[in-house]
Number of protein chains: 2
Amino acid sequence: MLTIRAANVGDAAVISKLISELAEYEKQSEQVRTTEADILRDGFGEHPEFRVLIAEWHGVPAGFALFFSYYSTWRGAGLYLEDLFVRPELRKRGIGKALLAEVARAAEQEKRVFIRWAVLNWNQSAIAMYRTLGAGFLDEWRTVLLAGEGLKKLTGYLPITVV
Amino acid sequence: MLTIRAANVGDAAVISKLISELAEYEKQSEQVRTTEADILRDGFGEHPEFRVLIAEWHGVPAGFALFFSYYSTWRGAGLYLEDLFVRPELRKRGIGKALLAEVARAAEQEKRVFIRWAVLNWNQSAIAMYRTLGAGFLDEWRTVLLAGEGLKKLTGYLPITVV
């Protein structure tokens with residue numbers, strides 16, 4: 001039996017574990033720098049940065065969805081789904097779709113008109129599933145990330161009068 | 001002379017105008033569905049969905065940056081830069097970089113460790129500028145968007161017990 005529930009402060013450890021498992025599945029484990037303490041502080045503190053839904057299969061954590069508010073200046077308010085993951089041994093049961101549907105209901109309740117997320121270009125099974133839902137792919141856009149030294153250097157750029 | 005300032009409630013009209021000009025530059029004007037009233041409510045109400053910086057060149061609006069919080073489960077808290085725009089006739093003065101630097105300083109002040117955004121794949125001048133800043137391109141990721149009928153249909157999916 002599947003249950004889906006909102007995560008609470010006691011779930012930081014399991015969320016952190018699932019984040020690691022997702023990164024492993026994505027073959028990018030070395031990129032994970034957040035710890036359980038980060039997830040606890042950032043997700044369950046005074047100003048939560050994200051929300052999490054946990055799927056349980058017969059009481060055991062099976063997967064999760066982690067999302068937060070996003071704003072499109074074209075479409076208006078939406079949700080950004082940063083992570084959607086189902087443990088490999090529990091796939092093919094509709095758990096991923098059930099999680100996504102819960103996120104869609106959250107969007108509906110809050111009058112948010114879209115869900116945006118990212119998928120690895122080799123993850124054909126996920127891509128096929130998203131297509132059947134009617135999702136579109138924004139393939140003329142490239143995602144840019146500035147971090148580390150580049151970001152630090154830019155903070156020092158102050159060419160002219162800034163009020 | 002360039003000045004950069006945080007937008008206030010009186011700037012909704014100019015922001016809405018700049019959003020339209022950006023969409024026109026991106027050849028996607030038909031996609032803009034937000035109105036000045038949306039920008040006013042969503043950016044300057046009780047729970048702002050985004051923040052805006054306005055660049056002025058000799059007192060005239062020259063461009064803007066619109067951004068909000070973003071959370072990476074790998075890196076931690078960051079900022080998402082939804083829009084960065086400089087009016088075509090005022091380019092080549094470093095205004096875009098100055099706006100981006102202000103966003104970088106906002107990130108630094110809030111201990112946010114990255115800025116993420118998207119660029120159209122044909123916008124070579126922007127891509128070249130981002131490269132010189134040390135930005136990376138997440139080209140193995142595809143951006144997915146679920147909206148309209150697909151989203152609505154998904155809200156009705158309820159296969160099993162949901163707590």
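The legends below describe close-up views of a predicted model. Residues are numbered from 1 along each chain as its sequence is written, while chains are lettered from A and ligands numbered from 1 in the order in which they are written. In this predicted model, local features need pLDDT of at least 70, side-chain atom pairs count only at pLDDT 80 or more, and totals for chains, interfaces and linings use all residues; side-chain values use heavy atoms, with hydrogens and water left out.

**View 1. The sheet with strands from chains A and B.** Seven strands form an open sheet with mixed pairing, in the order E1(A)-E2(A)-E3(A)-E4(A)-E5(A)-E7(B)-E6(A). Strands (E, at least two residues) and helices (H or I, at least four residues) are DSSP runs, numbered from the N terminus. Two strands pair if DSSP finds at least two bridges between them. At the edges stand strand E1 (2–6) and strand E6 (136–137) of chain A; each has a single partner strand, so one side of each is left without a neighbour in the sheet. Strand E3 (residues 60–72) of chain A and E4(A) run antiparallel and are joined by ten bridges. Gly63(A) has Val86(A) in E4(A) as its bridge partner.

**View 2. Helix H3 of chain A.** The helix covers residues 95–109, and its end C-alpha atoms are 21 Å apart. That agrees with the 21 Å that its 15 residues should span at 1.5 Å a residue, where the expected span is 1.5 Å times one less than the number of residues. Twelve of the 15 residues of H3(A) are buried, so the helix is mostly covered. Buried means under 20% relative accessible area, exposed means over 50%, and partly exposed lies in between (1.4 Å probe, protein chains only). Among the buried residues of H3(A) are Ile95(A), Leu99(A), Glu102(A) and Arg105(A). Just after H3(A), Lys111(A) takes a positive phi of about 55°.

**View 3. Salt bridges within chain A.** Over all chains, the structure has 22 salt bridges, each a side-chain nitrogen of Lys or Arg within 4 Å of a carboxyl oxygen of Asp or Glu. One of them joins Arg5(A) to Asp11(A), at 2.9 Å from N to O. Arg5(A) is partly exposed at 22% relative accessibility, whereas Asp11(A) is buried at 7%. Another joins Arg87(A) to Glu21(A), at 2.7 Å from N to O. This pair links distant parts of the chain, 66 residues apart: Arg87(A) lies in the loop between strand E4 (76–86) and H3, and Glu21(A) lies in helix H1 (residues 12–25). Arg87(A) is buried, with a relative accessible area of 13%, and Glu21(A) is buried at 16%.

View 4. Glu110(B) and Arg51(B) meet in a salt bridge of 2.6 Å, N to O. Glu110(B) is partly exposed at 33% relative accessibility, and Arg51(B) is partly exposed at 31%.

View 5. Rings of Phe, Tyr and Trp (its six-membered ring) pair if their centres lie within 6.5 Å; planes under 30 degrees apart count as stacked, over 60 as edge-to-face and the rest as tilted. The ring centres of Phe50(A) and Tyr71(B) are 4.7 Å apart and their planes lie at 50°, so the pair is tilted. This pair crosses between chains, from the loop between helix H2 (36–44) and strand E2 (51–57) of chain A to strand E3 (residues 60–72) of chain B. Phe50(A) and Tyr71(B) are both buried. Trp117(A) and Tyr130(A) form an edge-to-face pair, 4.9 Å centre to centre with 80° between the planes. Trp117(A) lies in strand E5 (residues 114–120) and Tyr130(A) in helix H4 (residues 124–132) of chain A; both residues are buried. One aromatic cluster includes Phe68(A), Tyr70(A), Phe68(B) and Tyr70(B).

**View 6. Charges over rings in chain B.** Lys27(B) lies over the face of Trp122(B), at 4.1 Å from the ring centre. Arg91(B) lies over the face of Tyr25(B), at 4.3 Å from the ring centre. A charge sits over a ring if NZ of Lys or CZ of Arg is within 6 Å of the ring centre and within 35 degrees of the ring normal.
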